[in-house]
Amino acid sequence: MLRIKNPNHPKKGSSIKADPIRDPAAIARIKAMLRPHPRDHLLFVMGVNTAYRINELLSLQVRHVIYGVPGHIIDLKQSKQDRYRAVMVNEAVCEAIALWLDIHPDLHATAPLFWSGKTGDALTVPTCSRMVKHWCLGAGLSGQFSAHSLRKTWGYTQRVRYCQPIDLIMKALGHSSERETLLYLGILPSEVLELYRNVV
């Protein structure tokens, strides 16, 4: 069988960096598009509203969110640092949780939150990356998007829209330097130049 090579696949030893979703209107379009699909809607809403890595999101179980109200703390072990990090869920996440739990097929405490109907287990990272690419395409976006774009979108929005200090975002993301965080968030040179428009 002839295998067609994916032209977007990185060369061996290299990688393609995922972009954040920079446009708030595009975020709103994706949320609206996913609203009829509660699991996918929750994955997107939770992804762009927390600093969780995608594999951390996929490790969540029903027990982590079953009593979720705005301000609820989820204390989850980080995949890279091997230590616990507390994340507070906001109103948007809680609303999305409620919509999904209302129809979740397995509400046992240890059931995966992001349950897959195909496997009966949690969704996988490659599956989520394909989903995010599809959503971004549907929202009219161009760029390099993957499941990692969700966490990057959270950080980018905190910095650009809410003007949060970079050192605070750095701590939330678990980075070791501010330079690493700026590169990670995809802060563009053109955005830095725009700072000079601000009259002192």
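In which helix is the place of D40? D40 sits in helix α2, where helices (H or I, at least four residues) and strands (E, at least two) are DSSP runs numbered from the N terminus. Before going further, a word on the model: it is predicted, so local features need pLDDT of at least 70 and side-chain atom pairs count only at pLDDT 80 or more, while totals for chains, interfaces and linings use all residues. Residues are numbered from 1 along each chain as its sequence is written, and side-chain values use heavy atoms, with hydrogens and water left out.

How confident is the predictor? The score to look at is pLDDT, the predictor's confidence in each residue, from 0 to 100. Its mean over the chain is 87, and 86% of the residues reach 70 or more. Residues 1-10 are worth a careful look, for there pLDDT stays under 50. The model has three contacts beyond four places in sequence for this stretch, a contact being heavy atoms within 4.5 Å.

Back to D40. With a relative accessible area of 15%, D40 is buried; buried means under 20%, exposed over 50%, and partly exposed in between, with a 1.4 Å probe and protein chains only. Leaving aside neighbours within four places in sequence, D40 is in contact with L34, M131 and W135.

Now find H64, in helix α4 (residues 62-65). H64 is buried too, at 13% relative accessible area. Beyond four places in sequence, H64 touches S59, H72, I74 and L76. Of these, I74 is ten residues away from H64 in sequence and 6.4 Å away in space, C-alpha to C-alpha. A polar atom of the H64 side chain also lies 2.9 Å from the backbone nitrogen of Q61.

For a contrast, turn to the loop between α7 and α8, where C163 lies. C163 is exposed, at 59% relative accessibility. Its phi is positive, near 55°. Most residues other than glycine have a negative phi.

Finally, visit the lining of the second largest pocket. By class, this lining has twelve nonpolar, seven polar and three charged residues. Here Ala, Val, Leu, Ile, Met, Phe, Trp, Tyr, Cys and Pro count as nonpolar, Asp, Glu, Lys and Arg as charged, and the others, Gly among them, as polar.

How values were computed: A polar contact is a pair of N or O atoms within 3.5 Å; within protein, one must be able to donate a hydrogen and the other to accept it, and residues adjacent in sequence count only if both atoms are side-chain atoms.
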